[in-house]
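User: I would like to learn how to read a structure, one feature at a time. Please give the general idea and then the case at hand.

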Amino acid sequence: MTTSSRFATITPVLERQAIELPSWAFGNSGTRFRVFGTPGTPRTPQEKISDAAQVHAVTGLAPTVALHIPWDRVEDYSELRSFAKEQGVDLGTINSNTFQDEEYKYGSLASSDPAVRQRAIDHHFECIDILHATGSRDLKIWLADGTNYPGQDDIRRRQDALAESLAAIYARLGDDQRLVLEYKFFEPSFYHTDVPDWGTSYAQVSALGDRALVCLDTGHHAPGTNIEFIVAQLLRLGKLGSFDFNSRFYADDDLIVGSADPFQLFRILAEVIRGGGMDEDSAVAFMLDQCHNIEEKIPGQIRSVLNVQEMTARALLIDREALDAAQRENDVLGANGIYMDAFYTDVRPLLAEWREGRGLPADPMVAFRDSGYTDKIRSERVGGTQAGWGA
Ligand code: PSV
Ligand code: MN
């Protein structure tokens, strides 16, 4: 079979691919050294949504936008939902935030202080109310909880406290809603975090029920971790709820997905496909969790979703039958060769042609550049306070 006839067999999967964008990617961000402002940066949740809608308009890949509360707090979420629909997108995952209030200095859901825990639980109740108003399905929890010094607090007590807090939140979810618990091995806590790894997240969500699942952020692992193995295992266990895609060179860099290690992204997507994570009935959510510190934000998001699409197409091109036969024969190099053939297939011209056939621009990056949107927001968005990390 030629590459183009093989490509024709994978387009049904590509057609239903959807990658959720994080509202915070459109605001200013940086490091602890400096947050650089950019002309045209959104000042409101509505402006972030308008920017996200541009990504969907030129790629057809990003129909939903995740909100972060309180950064995206508004008076009326139904109105925000209607506004998003008018722009051509829907509201998606609601991310809670228990890492910026003074009260959470020593933890939130895992804190040893019951009053602090209750405050954090109440915040999640607010997020669940928002889920109802926006019609979103997922509540995503990432905790900054942890300690900096051995002996600082009782690790075991904190696990028990976390389990209790999560149970209270889970009990409040609507029947169609899900809780996804994200893990991260360090930062801002440096000695231990209360949800450091997929095993801890899995143990905690398994105790809750079927609608509690693990969120895998690709930037939240120690260097050298075989992330695709975790993907395979979580899919096997039916507990992979969602992805936060990004790239890292060193820590939680939040760089453009597929930029640091395209082959790793390919390997991850190959396991997703192998485990049924892209089947029609799959409930795995694919999201970006990135920050664009120095590059332009909207093109940064366009590049990101295109990278995911490109590696998905390559991973779908793996000749599964031939690979399976080679694996069963212990044909080590043969199997590896089949796998690598798919990785090295340049699908960009085929994707461009396919996009055009669906009424989308062949090159979304160019289409956005030529749209004049950047100049428009730069001249219109004058004054006010630009949204940024923490705003
Ligand atoms: C933490 O590093 C994280 O990846 C979580 O997903 C948060 O929701 C996100 O960053 C933004 O704070
Ligand atoms: Mn994340």
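User: How many cavities of 30 Å³ or more does the count come to?

Analyst: Rolling a probe the size of a water molecule over the atoms shows where empty space is left. This is a predicted model, and the count here comes to two cavities of 30 Å³ or more. The largest cavity has a volume of about 150 Å³. It is lined by 15 residues, and those closest to its centre are Thr-38, Pro-39, Lys-297, Ile-298 and Ile-377.

User: Which helices each supply at least two residues of the lining of the largest cavity?

Analyst: They are helix 9, residues 297–316, and helix 14, residues 373–380. By class, the lining of the largest cavity has seven nonpolar, four polar and four charged residues.

User: What about pockets? How much space lies in the largest pocket?

Analyst: The largest pocket holds about 1500 Å³ of space. Its lining is made of 50 residues, with Trp-142, Lys-184, Glu-187, Pro-188 and Trp-389 nearest the centre. Sorted by class, the lining of the largest pocket has 18 nonpolar, 16 polar and 16 charged residues.

User: Which residues are closest to the centre of the second largest pocket?

Analyst: Ala-18, Arg-137, Val-284, Ala-285 and Phe-286 are the closest, out of 26 residues that line the second largest pocket. The volume of this pocket is about 490 Å³. By class, its lining has nine nonpolar, nine polar and eight charged residues.

User: Which element gives the largest share of the lining of the second largest pocket?

Analyst: Strand 3 does, with four residues.

User: Two of the names near the centre of the largest pocket were Glu-187 and Pro-188. What kind of peptide bond joins Glu-187 and Pro-188?

Analyst: To read a peptide bond, look at the omega angle. Glu-187 and Pro-188 are joined by a cis peptide bond, with omega about 5°. Pro-188 sits in the loop between strand 6 (178–182) and strand 7 (192–193). Another cis peptide bond joins Ile-69 and Pro-70, and there omega is about 20°. Pro-70 belongs to the loop between strand 2 (64–68) and helix 3 (77–87).

User: Phi is another backbone angle to read. What is phi of Asp-254 near?

Analyst: Phi of Asp-254 is near 55°, which is a positive value in a residue other than glycine. Asp-254 is placed in the loop between strand 9 (240–245) and helix 8.

User: Now for pairs of helices. At what angle do helix 7 and helix 8 pack?

Analyst: For a pair of helices, read the angle, then the handedness, then the residues in contact. Helix 7, residues 227–236, packs against helix 8 at an angle of about 15°, and their axes are 8 Å apart. Angles under 35 degrees count as roughly parallel, so helix 7 and helix 8 are roughly parallel to each other. Their crossing is right-handed. From helix 7, the residues Ile-227, Glu-228, Val-231, Ala-232 and Leu-235 meet Gln-264, Arg-267, Ile-268, Glu-271 and Val-272 of helix 8. The contact of helix 7 with helix 8 divides into six nonpolar, one polar and three charged residues.

User: Are helix 8 and helix 9 roughly parallel or oblique to each other?

Analyst: The axes of helix 8 (residues 262–274) and helix 9 cross at roughly 60° and come within 8 Å. Helix 8 and helix 9 are therefore oblique to each other. The crossing is right-handed. On the helix 8 side, the contact is made by Pro-262, Leu-265, Phe-266, Leu-269, Ala-270 and Ile-273. Helix 9 contributes Asn-307, Val-308, Met-311, Thr-312, Arg-314, Ala-315 and Leu-316. By class, the residues of this contact are 10 nonpolar, two polar and one charged.

User: Which residues of helix 1 meet helix 12?

Analyst: Start again with the angle. The axes of helix 1 (residues 3–15) and helix 12 (residues 348–357) come within 11 Å and cross at roughly 55°. Helix 1 and helix 12 are therefore oblique to each other, and their crossing is right-handed. Thr-3, Ser-4, Phe-7, Thr-11, Leu-14 and Glu-15 of helix 1 meet Leu-350, Leu-351 and Trp-354 of helix 12. This contact has five nonpolar, three polar and one charged residues.

Conventions:
Residues numbered from 1 in each chain as written. Chains lettered and ligands numbered in written order. Predicted model: local features only at pLDDT ≥ 70, side-chain atom pairs only at ≥ 80, totals over all residues. Heavy atoms only, no water. Axes fitted to C-alpha atoms, helices over the stretch in contact; angles between N-to-C directions. Parallel < 35°, antiparallel > 145°, perpendicular 65-115°, else oblique. Left-handed = near helix turned anticlockwise from the far one by under 90°. Contact = heavy atoms within 4.5 Å. Nonpolar A, V, L, I, M, F, W, Y, C, P; charged D, E, K, R; others polar. 1 Å grid on protein atoms, 1.4 Å probe; cavity = no way out; pocket = protein on both sides within 12 Å on 5 of 7 lines; lining within 4 Å. Points joined across faces, edges and corners; volume = space filled by probe spheres on them.
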